[in-house]
Amino acid sequence: MESTTSYQRFPKIKIREMKDDYLKFELHSTDTSVANALRRIMLAEVPTIAIDLVEIEANSSVLNDEFIAHRLGLIPLTSTRAMEMRFSRDCDACDGDGQCEYCSVEFHLSVRCDQDQTLDVTSADLISSDPSVMAVDVAARSTSSGYDASDNKGIIIVKLRRGQELRLRAIARKGIGKDHAKWSPAATVTFMYEPDIHINEDLMETLTLEDKKNWVESSPTKVFDIDPNTQHVVVVDAEAYTYDDEVIKKAEAMGKPGLVEIYAKEDSFIFTVESTGAVKASQLVLNAIEILKQKLDAVRLSEDTVEADDQFGELNAHMRGG
Amino acid sequence: MNAPDRYERFVVPEGTKKVAYERDTKIINAASFTIEREDHTVGNVLRMQLHRDPNVLFAGYKLPHPLQYKIIVRIHTSSQSSPMQAYNQSINDLDKELNYLKAGFEVWNSGVFIFFMMMVTLT
């Protein structure tokens with residue numbers, strides 16, 4: 001019964017720019033639905049590690065306990081381990097209290113101000129029980145790769161004056177952005193259709209230089225320019241086009257409709273991915289592909305559903321036959 | 001307070017099937033698949049893949065309500081196929097597509113890019 005005809009696509013990828021926390025790439029020969037699924041997954045379903053439970057031992061700072069707990073949760077932690085880690089709710093090693101080594105990382109913070117100057121409590125004061133999980137800005141200091149770490153003072157949690165103290169124990173757990181935005185590994189993920197711009201050269205040459213300049217200026221972004229030697233209008237940056245239709249309207253207003261034709265290539269996408277630093281941007285894309293695969297695998301029909309339907313089919317055929 | 005747990009949005013409750021299949025009682029080769037705890041991410045990607053199958057006469061999905069964390073995928077096929085066959089086929093094809101994409105991405109990720117950048121800086 002199963003036919004073997006496949007309607008599979010063979011998408012191509014081309015990376016334009018790759019940094020630890022930034023990635024720009026082209027995705028070709030696939031559908032918007034796949035591009036958008038990847039975007040949605042990067043934002044809300046790729047797991048990271050974030051502080052989820054805070055036990056405050058002493059807090060005489062100006063901020064209340066909940067306020068500090070919330071600020072701690074929002075600190076991005078290095079989460080390369082997150083894909084292999086267990087969710088606390090699925091963890092059978094710790095009977096659901098979510099405090100074992102398989103599903104959690106413990107942090108301690110103990111700071112007291114004994115000077116006249118205000119003391120900043122930062123992410124650097126968080127002491128991790130697992131060296132692979134720490135605040136991303138602290139990790140960037142030691143590896144020197146990524147962004148400039150020289151004037152990196154850490155992420156400020158609270159400021160203390162003389163005599164104030166903050167002591168706490170925090171449990172970081174694996175989670176996803178759908179649960180709470182603190183677990184989202186992505187700062188921004190965007191994609192756009194690749195534009196395909198055709199200038200009608202013959203019609204363009206009927207314009208005076210002044211008209212050409214006016215037309216080129218009508219675009220809010222710098223897409224076109226005039227070649228200083230030949231005085232031809234050329235496309236300098238097709239991707240700067242924001243699909244605003246301004247140049248098309250301008251051409252019509254000038255009485256030259258069809259001066260330029262702009263199409264969106266609906267199977268070519270330009271992605272930009274910015275990571276919070278929890279995982280590398282390139283790893284984030286790979287994780288998103290993996291998660292989409294897992295999600296699709298999870299929605300396969302179970303054996304008993306298929307069997308039940310086969311029986312139903314037989315019954316149906318029997319009834320029709322009888 | 002009485003706020004429901006946040007994880008209810010993505011954890012399938014115990015005793016509930018992830019995918020429930022229901023044949024249409026009046027039209028042959030038509031069926032609905034109720035997928036628990038999924039949204040547009042999976043719904044739209046499945047719908048578009050089903051549209052590539054010429055035996056699929058209709059494929060659509062709906063998210064009935066934003067607070068009911070499920071989607072309903074409806075498939076109507078020609079007599080050459082069946083909703084279940086088209087559904088399985090679309091998942092298999094998407095899985096293969098993603099494997100291909102992943103392999104393509106890993107090639108770029110593993111050194112080829114560094115080589116490429118060196119070529120650019122040299123020329």
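A polar contact is a pair of N or O atoms within 3.5 Å; within protein, one must be able to donate a hydrogen and the other to accept it, and residues adjacent in sequence count only if both atoms are side-chain atoms. This is a predicted model, where local features need pLDDT of at least 70, side-chain atom pairs count only at pLDDT 80 or more, and totals for chains, interfaces and linings use all residues. Residues are numbered from 1 along each chain as its sequence is written, chains are lettered from A and ligands numbered from 1 in the order in which they are written, and side-chain values use heavy atoms, leaving out hydrogens and water.

Start where the chains meet. Between chain B and chain A there are 21 residue pairs in polar contact, both at pLDDT 80 or more. Now colour β1 (19-23), β2 (30-36), α1 (40-51) and α2 (83-122) of chain B: each supplies at least two residues of the side that touches chain A. (Helices, H or I of at least four residues, and strands, E of at least two, are DSSP runs numbered from the N terminus.) The top contributor is α2(B), with 22 residues.

Next, select Asp95(B) and Lys293(A). They form a salt bridge (a side-chain nitrogen of Lys or Arg within 4 Å of a carboxyl oxygen of Asp or Glu), with the closest N and O atoms 3.5 Å apart. The two chains share seven salt bridges.

Last stop: Phe33(B). What does Phe33(B) touch? Leaving aside residues up to four places away in sequence, its contacts (heavy atoms within 4.5 Å) include Leu301(A), Val19(B), Ile72(B) and Tyr87(B).
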